[in-house]
Amino acid sequence: MDRGIGSGGAFAWFFQRISGVFLLIALLAHFWVLHYSNNGDVTFNLVAQRLSTPLWKTIDLTFLVMAIIHGFYGFLMVIRDYVHNHNLRLVLVSLVWTVGIIVGVLGTLTIIAFKAPGGGGL
Amino acid sequence: MKITFKVYRFDPQSGKAPYLQDFPVEVTPGMTILDALGEIKAHQDGTLVYRRSCRSGICGSCAMKINGFNRLACETQALLLKQSVIHVEPLPGLKPIKDLAVDMEIFYEALARVKHWLINPDPPPTDKERYQSPEDFKKIEVSTSCILCASCTASCPSFWADKNYLGPAAILKAYRYSFDTRDKGFADRVGALDNKHGLWRCHTIMNCTDCCPKHINPTESICHLRRMTVENKY
Ligand code: SF4
Ligand code: SF4
Ligand code: FES
């Protein structure tokens with residue numbers, strides 16, 4: 001029987017806590033910046049200007065990576081909890097990785113390539 | 001007071017599916033579920049199977065599901081449940097053998113996996129026992145009172161979903177020894193703990209803590225061991 005001795009899981013668990021704390025702070029900051037810092041004015045230009053600066057690109061990239069790892073690790077957890085059929089588990093885990101990587105790459109491209117239409121920034 | 005006991009009956013040799021059988025019992029103050037089962041076995045149906053030994057909450061053999069909660073039959077007074085119908089079923093999540101008796105094999109096997117004994121390669125002092133101060137004992141005192149009744153593991157949804165999961169009782173034992181100041185065996189146990197069927201399967205649902213008849217908090221020990229594991233590795 002599969003006893004899985006020594007296959008670990010400590011780092012994933014630990015990182016899930018770290019990314020969780022990061023996301024909590026980042027989300028609060030996000031809400032504040034977006035909805036309160038400019039008297040609640042959310043316009044495309046404003047957001048576009050912000051997203052054009054290297055600092056915000058870095059912040060958003062970190063946000064993206066953390067959110068993806070946190071979320072998709074959650075999916076892996078559910079699979080580990082409930083899917084005990086080896087083949088089905090392999091399929092589902094591969095699916096989670098594939099979708100996670102695609103979403104990550106698309107998000108990264110979007111953030112890095114973004115330029116404000118009116119010029120300015122990078 | 002007359003109480004109807006709906007008792008889970010199952011005989012694998014009969015080929016019949018399990019069913020609940022009604023047994024009316026005249027219950028007097030102080031009478032426990034175990035007493036009622038004894039009454040049924042003695043006067044109504046001698047074929048009823050259940051486990052018991054000490055009848056005083058020490059041996060841990062009589063844990064069963066009583067009105068939806070895992071409890072010790074010998075420590076649960078029938079009248080205090082304040083119901084005219086009492087459901088008595090075997091512990092969930094473990095394979096029923098006959099009536100209320102379940103197969104405890106995987107429960108014991110999980111215990112063995114965490115090496116639930118004192119590990120210390122140093123020879124003990126020749127003139128006395130390995131010394132543990134009262135203060136050091138206090139740190140693990142609550143966890144030493146576990147009677148291995150399996151109520152906790154059998155109430156754990158993570159265990160229901162993964163029968164290879166160590167379960168709260170085995171992890172509690174790992175905690176009891178790993179945090180014993182005389183023990184040096186954490187390295188021998190970590191393989192079973194830091195494992196996809198180990199510590200990380202617990203999602204702090206706390207059913208185990210809710211039902212433990214000895215008021216132990218296995219969830220807390222799981223959290224301590226997780227911290228110990230992470231600190232040891234990184
Ligand atoms: S921790 Fe409590 S519920 Fe679990 S086996 Fe020990 S005594 Fe029973
Ligand atoms: S706290 Fe953990 S071990 Fe206890 S019942 Fe919940 S999942 Fe199981
Ligand atoms: S009979 Fe021993 S604990 Fe109930």
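## The interface between chains A and B

Chain A and chain B bury about 1800 Å² between them, and 55% of that lies on carbon and sulfur atoms. Buried area is the accessible area (1.4 Å probe) that two parts lose on being put together, summed over both. The model is predicted; local features need pLDDT of at least 70, side-chain atom pairs count only at pLDDT 80 or more, and totals for chains, interfaces and linings use all residues. Residues are numbered from 1 along each chain as its sequence is written, chains are lettered from A and ligands numbered from 1 in the order in which they are written, and side-chain values use heavy atoms, with hydrogens and water left out.

In contact across the interface are 19 residues of chain A and 19 residues of chain B. Contact means heavy atoms within 4.5 Å. The count of salt bridges between the two chains is 1. B:R201 pairs with A:D81 in a salt bridge, with their closest N and O atoms 2.5 Å apart. The term requires a side-chain nitrogen of Lys or Arg within 4 Å of a carboxyl oxygen of Asp or Glu.

## Chain A's side

Two elements of chain A, α1 (10-35) and α3 (54-82), each give two or more residues to the side that touches chain B. Helices are DSSP runs (H or I, at least four residues), numbered from the N terminus. This side of chain A has 8 nonpolar, 6 polar and 5 charged residues. Ala, Val, Leu, Ile, Met, Phe, Trp, Tyr, Cys and Pro count as nonpolar; Asp, Glu, Lys and Arg as charged; the others, Gly among them, as polar.

## Around the ligands

The shell around ligand 1 includes B:C146, B:C149, B:C152, B:C212 and B:K214. Shell residues have a heavy atom within 4 Å of the ligand. Helices α4 (151-155) and α6 (167-178) of chain B give two or more residues each. By class, the shell around ligand 1 has 10 nonpolar, 1 polar and 1 charged.

Ligand 2 has 13 residues around it; B:C156, B:C202, B:I205, B:M206 and B:C208 come nearest. Chain B helices α8 (207-211) and α9 (218-233) each supply at least two. The shell around ligand 2 has 8 nonpolar, 5 polar and no charged residues.

## Confidence in chain A

Chain A averages a pLDDT of 86, and 90% of its residues score at least 70. pLDDT is the predictor's confidence in each residue, from 0 to 100. Over residues 1-6 of chain A, pLDDT stays under 50. Where pLDDT is low, the predicted coordinates should not be read in detail.
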